[in-house]
Amino acid sequence: MQKEILNTSAALNMLSGETDLYKMLIDAFISESPSNLDTIDQLIGEGKNEEARAYSHKIKGSASQIGAEQLTFALQYLEDGLKGSMMADVSALSHNASYVYKRTISYIKEYRQSL
């Protein structure tokens, strides 16, 4: 099953159709997530993978709440890499999560204007 950039139907379903709450969650996600992603890269650079994993987990939860499926998936891979549960280059996983984040934010901002 292909993941969507923003599955609004699933997110609104989880929120019992509360569009005002959905708007608040989207706005909070847009304003808070960039600094968290920068923090993840900084922590990885400092070798603080457990702290970076915690930030990744936090953003993943927020992304999931708003239906940002591709970003949730990318952050899950990053989190798994940071836990050491898979052989991976965490720097590459972080860069991928940042790339997916930028695409997601662009899409969300465009979508948000239509609400």
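This is a predicted model: local features need pLDDT of at least 70, side-chain atom pairs count only at pLDDT 80 or more; totals for chains, interfaces and linings use all residues.
**Exercise 1. Which residues does lysine 60 touch, beyond four places in sequence?**

Step 1. Leave out the neighbours within four places. Thr72, Leu75, Gln76 and Glu79 are in contact with lysine 60.

Step 2. Look for a polar contact. The side chains of lysine 60 and glutamine 76 are joined by one of 2.7 Å.

**Exercise 2. Describe the span of α3 and the arrangement of its buried residues.**

Step 1. Check the span. From first C-alpha to last, the 18 residues of α3 reach 26 Å. That is close to the 26 Å expected at 1.5 Å a residue.

Step 2. List the buried residues. In α3 they are Ala52, Arg53, Ser56, Ile59, Lys60, Ala63 and Ile66.

Step 3. Look down the axis. The buried residues fall within an arc of 140°, so they line one face of α3.

**Exercise 3. Characterise phenylalanine 73 by element, accessibility and distance to arginine 112.**

Step 1. Phenylalanine 73 belongs to helix α4, residues 69-83.

Step 2. Its relative accessible area is 42%, so phenylalanine 73 is partly exposed.

Step 3. Arginine 112 is 39 residues apart from phenylalanine 73 along the chain. Their C-alpha atoms are separated by 22 Å.

Conventions:
Residues are numbered from 1 along each chain as its sequence is written. Side-chain values use heavy atoms; hydrogens and water are left out. A polar contact is a pair of N or O atoms within 3.5 Å; within protein, one must be able to donate a hydrogen and the other to accept it, and residues adjacent in sequence count only if both atoms are side-chain atoms. Contact means heavy atoms within 4.5 Å. Helices (H or I, at least four residues) and strands (E, at least two) are DSSP runs, numbered from the N terminus. The expected span of a helix is 1.5 Å times one less than its number of residues. Buried means under 20% relative accessible area, exposed over 50%, partly exposed in between (1.4 Å probe, protein chains only). The arc is that of the directions from the helix axis to the C-beta atoms.
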